[in-house]
Amino acid sequence: MRISTITNWAYGVTVVLTALSGAAFIMSSRSAVQERVAVEEHLTLDSMAEELALGAEVRSDEARLFVMRGEERHLHAFRAEEESERRREMAAEQLLSKGLPKAEADALKKIEADGDELDKLEIAAVEAFQRGDRDAAQNTLFGPEHERLQQDLLATVTHFRDLTAARTGSQLDAARERSDWWSLIAKVMLGLTGALFLAVLYFILRRRVAMPLVRMTGIVGRLAKQDYTVEVLPDKWRDEIGEMNTAIEIFRANGIERDRLDAERRADQKTKDLILQMMHRLQACENQSELAGIVARFAPEIFPAIAGGLYVLNDSKNVLNLTADWLAPEHAEDNFPASACWGMRRGRAHPTGFSDTDVPCQHLEGSDAIALCVPLTAQGEMIGLLYLEEKEGRALQLDASRLYLELIAENVGLAIANLQLREKLTLLAIRDPLTGLFNRRHLDQRLHRFEGDEAKTPLACLMIDIDHFKRFNDDYGHDAGDMVMQHVARTLRDTLGGHGEVYRYGGEEFTALLPGLLKDDARVLAESARSAVSAIALSHTGKLLRTVTISVGVAASPGDGPLETLIARADAALLVAKAEGRNRVVAS
């Protein structure tokens, strides 16, 4: 017989015995509950009878003290006991409504009637005392009638307590006997269940399961160490143990295949980890040069059998320039037109050399390269190209490789687009759009850098103003004024750009910082710039403009003063130049 059949029978019998034992315990518990209910009922009825008798005595004492002493506190206590008496009577009525036995109900009603008679007698005595008839009140409360009623009440209470004690006692004994009986049945059922469990434990688990498993431990241990040369011993029994032997043989046959799959999984996980690391570092790049270096570093680790290169479109979006390569691709050109790549034309990955039926990219024509061109896009815009060239094997033909390559291309494209956008925003923040010069914000940043180690280096500053610039706007229009502004900016950049940086300070004013020049050398350079500006005649819409001239103020640090006042000193010199007639250079 199979182990499962024996186990199922044992399980079924155990469930039945356990269910019977549980039912017996439930019945025993219910008997215990009934026993507790009987005790609670006895205590409730006994306490109520005691309270009725004690309340009547306390109330009688308060009434007697009142007619003897005449103190109002005894009257208040009497009336308070009257309220308590009413509550107890209401509780007694609730007990009657729950269906007490007839004898107990009659006794409880007799207690209520005796209590009412006693209350009437005491209330009449109190009212007589309040009318001034002290003797009548005292005779009533201390007379034989009051004594008789009080004794009857106490006797009835005692009889009621005896009745309830007898009834609840019998109920308690019956409930206890039932509880003990069901508890005995439950224990017997549990004993049978334990005996059955021990039998199954010894004959099935130990002799047929545990001992064969112990013998098979060495075999399984060697298989766990991937020693697939181990021999599996045959088992004559055609049960679960025999099937386990068959399963172990199958496991042994599949071990080598599983090892191969594990190796592929580990390699795939390593590839995913490397791709994730590369993505994290791409997001932290500050410029495209760093990004290209990261791609060139991680790509050969992710795909050792695939060479490649990273191309980025130029500003005109028509030429792809190589920014990085890895594993020395044989057919990667330094640059080629974007239209020469089918991947850029189609906007999706394009293979070359995989089959004779597809069209090869023009930049690979005449070669025997097996390559894949993956365009880099971001928000629907072409950014560049990821060129991949197969070195050995069939790495590019694998679907997993294609998927990972496209994933890398997507993230590289997004990273390049973010860097380009950041560079554009940076240029917009530091460049003046009209003249193309750096703006005042960049000037402040440059001066702040000079406050460090560069503060020891001589630094000259030119403050430049276009003379009578407003007249150009008024006489020729704002377009002519813009042209004059661009002419001056271009001339200053040409004459001063080799010695420093030119900035648009604001309005028609410009500033030049010339590191390494003393004041005299800066003045000579400023004279050259002034002459170059006025030497060119400008025309706008066919009209010749008046000669454009500039005034220049020159200052230097640290020789003439601290760096903090450099701009102010050059500006003061500019004001002097304008006051002396303009079109001149004045040093501070």
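Helices here are DSSP runs of H or I with at least four residues, strands are runs of E with at least two, and both are numbered from the N terminus. With that settled, hello everyone, and let me walk you through this one.

What we have is a predicted model, where local features need pLDDT of at least 70, side-chain atom pairs count only at pLDDT 80 or more, and totals for chains, interfaces and linings use all residues. Residues are numbered from 1 along each chain as its sequence is written, and side-chain values use heavy atoms, with hydrogens and water left out.

First, the overview. The protein chain carries 14 helices and 13 strands. Of its 588 residues, 40% are buried, and by buried I mean under 20% relative accessible area, with exposed over 50% and partly exposed in between, using a 1.4 Å probe and protein chains only. Taking contacts (heavy atoms within 4.5 Å) with a separation of 6 or more, 66% are between residues 24 or more positions apart.

Which residues touch the most other members of the largest nonpolar core? They are Leu291, Leu310, Leu386, Leu388 and Val412, out of 37 residues in that core. A nonpolar core, by the way, is a set of buried Ala, Val, Leu, Ile, Met, Phe, Trp, Tyr and Cys residues joined through side-chain atoms within 4.5 Å. Helices H6 (240-283), H7 and H9 each give two or more residues to this core, and so do strands E1 (306-313), E2 (319-326), E5 (371-378) and E6. H9 supplies the largest share, with 9 residues.

Look at Leu388 for a moment: beyond its neighbours within four places in sequence, Leu388 contacts Ile306, Ala307, Gly308, Trp326, Ile370, Ala371, Leu372, Val374, Leu396 and Leu405. Apart from this core lies another, of 30 residues, including Leu462, Met485, Val554 and Val585.

A cavity is a set of points, on a 1 Å grid over the protein atoms alone, where a 1.4 Å probe fits but cannot get out, and its lining residues have an atom within 4 Å of a point. Around the largest cavity sit Met278, Val295, Ala299, Phe303, Trp326, Leu386, Leu388, Leu405 and Ile408. Helix H7 (288-302), strand E6 (381-390) and helix H9 (399-430) each give two or more residues to that lining.

Ile408 is worth a stop. Ile408 belongs to helix H9 and is buried, at 7% relative accessibility. Leaving out residues up to four places away in sequence, Ile408 touches Ile275, Met278, Ile302, Phe303 and Leu386. Ile408 and Leu276 are 132 residues apart in sequence, yet 9.5 Å apart in space, C-alpha to C-alpha.

Finally, some backbone details. Where is the cis peptide bond? It joins Ser557 and Pro558, with omega about 5 degrees, and Pro558 lies in the loop between strand E12 (550-557) and helix H14 (566-579). Lys317, in the loop between E1 and E2, has a positive phi near 60 degrees and is partly exposed at 36% relative accessibility. Thr541 has a positive phi near 50 degrees, sits in the loop between strand E10 (539-540) and strand E11 (543-544), and is exposed at 64%.

Note on methods. On a 1 Å grid over the protein atoms alone, a cavity is a set of points where a 1.4 Å probe fits but cannot get out, and a pocket is an open set with protein on both sides within 12 Å along at least five of seven lines; lining residues have an atom within 4 Å of a point.
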